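Please find below a colleague's note on the model shown here. It is set out as numbered points.

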Amino acid sequence: MKAITVEPRKPGTARFEEIPEPDVHEGSVLVEAVAVGVCGTDVEIVEGKYGWAPPGATRLVLGHESLGRVVDPGPTGGLKRGDLVVGIVRRPDPVPCPNCAVGEWDMCRNGQYTERGIKQIHGFMSERWRIEPEYAIRVDPGLGILGVLLEPTTVIAKALEQVAIIGRRSFWEPRTVLVTGAGPIGLLAALGAKSHGLDVHVLDRMESGPKPDLVRALGATYHSGSVREVGFEPDAIVECTGVGQVIADSIQAIGSSGIICLTGVGHGGVVTAAACADIAASTVLKNNVIVGSVNANKRHWYKAGNLLARADRNWLSRLITRRERPENFERALERKPDDIKVVIQFSEV
Ligand SMILES: [Zn+2]
């Protein structure tokens with residue numbers, strides 16, 4: 001079968017090539033790939049900045065935002081041939097740490113977790129893949145190709161849950177949420193926050209195009225200036241850019257007792273000792289919490305599945321702005337100005 005593979009930490013090594021059929025040790029469920037979403041992590045792996053091949057291998061099958069059709073459900077589990085499934089990305093560490101031991105692998109304490117398509121386990125950008133039945137999430141068949149949005153939605157299901165849990169430390173009646181960044185994660189955050197009945201605002205650099213239209217179609221408000229210009233003090237901010245200035249502005253703009261949830265992973269930016277103390281002072285005087293959130297456990301996959309199943313299908317379909325064939329994977333990795341989610345399509349739904 002064919003797969004998109006890369007030699008991690010070596011730029012320019014990605015290719016669409018013939019590899020052996022998936023090993024039965026990877027799981028008893030055999031799945032035919034339908035589509036795989038492309039995200040910034042995939043781009044970083046292809047650029048040689050990130051990623052680990054499986055032990056004993058030099059190359060890694062890329063891809064962690066999966067959607068596939070069950071070909072052989074195997075001897076266990078409740079799956080049937082033809083079911084649409086998405087594979088959970090992370091596996092608990094082998095020690096395991098206390099969090100992995102209770103199924104909270106998203107909160108792994110020792111960093112020895114593994115991740116499909118990223119860290120030591122092959123990903124989903126192959127014509128067929130295998131998965132353990134307990135890590136295969138069945139998606140609403142009516143979603144069709146939109147099921148490929150499940151993995152990014154799990155990131156948001158966890159982030160919003162974190163904000164809600166932290167909010168219980170005091171009387172907490174949030175009304176306004178600011179989402180910074182209108183990429184797939186930001187737009188799905190807006191969808192999730194809207195489903196909680198909140199007044200949702202989304203900020204991004206783009207002044208026109210699909211992003212403002214998608215935000216307004218949700219009944220949310222779009223802003224294209226800086227966070228300092230939004231004109232209100234948000235009760236919560238879901239930060240999806242990873243940009244230093246946006247984060248710094250968010251800390252200034254957040255309302256008293258407000259919570260900032262960081263989901264973006266950026267690089268660089270200089271914080272002087274004085275600026276650091278200013279951030280701390282602002283956080284102290286407003287009782288703020290700044291929390292980071294990454295990955296998701298099974299509970300968040302379940303919640304994300306429900307959010308997608310209830311969402312407007314037409315709106316969700318507008319998030320997938322480009323579909324490429326696997327042989328054109330290099331085109332899928334390019335970022336164009338109006339791209340939101342680009343998917344590599346292996347077969348028809
Ligand atoms: Zn762990």
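1. The model is predicted: local features need pLDDT of at least 70, side-chain atom pairs count only at pLDDT 80 or more, and totals for chains, interfaces and linings use all residues. Residues are numbered from 1 along each chain as its sequence is written, and side-chain values use heavy atoms, with hydrogens and water left out.

2. Six strands make up an open sheet with parallel pairing, in the order β14-β13-β12-β15-β16-β17. At its edges are β14 (221–223) and β17 (289–292), each pairing on one side only. Strands are DSSP runs (E, at least two residues), numbered from the N terminus, and two of them pair if DSSP finds at least two bridges between them.

3. Four parallel bridges link β16 (residues 259–262) with β17. Leucine 262 has glycine 292 of β17 as its bridge partner.

4. A three-strand open sheet, ordered β2-β1-β4, is paired in the antiparallel sense. Because the edge strands β2 (15–18) and β4 (60–61) each have a single partner strand, one side of each is left without a neighbour in the sheet. Strand β1 (residues 2–6) is joined to β4 by two bridges, and valine 6 has leucine 60 as its bridge partner in β4.

5. Aspartate 204 sits in the loop between β13 (199–203) and α5 (210–217); helices are DSSP runs (H or I, at least four residues). Aspartate 204 counts as buried because its relative accessibility is 11% (buried: under 20% relative accessible area, 1.4 Å probe, protein chains only). Its side chain reaches the backbone nitrogen of alanine 182 at 2.7 Å.

Note on methods:
Buried means under 20% relative accessible area, exposed over 50%, partly exposed in between (1.4 Å probe, protein chains only). A polar contact is a pair of N or O atoms within 3.5 Å; within protein, one must be able to donate a hydrogen and the other to accept it, and residues adjacent in sequence count only if both atoms are side-chain atoms.
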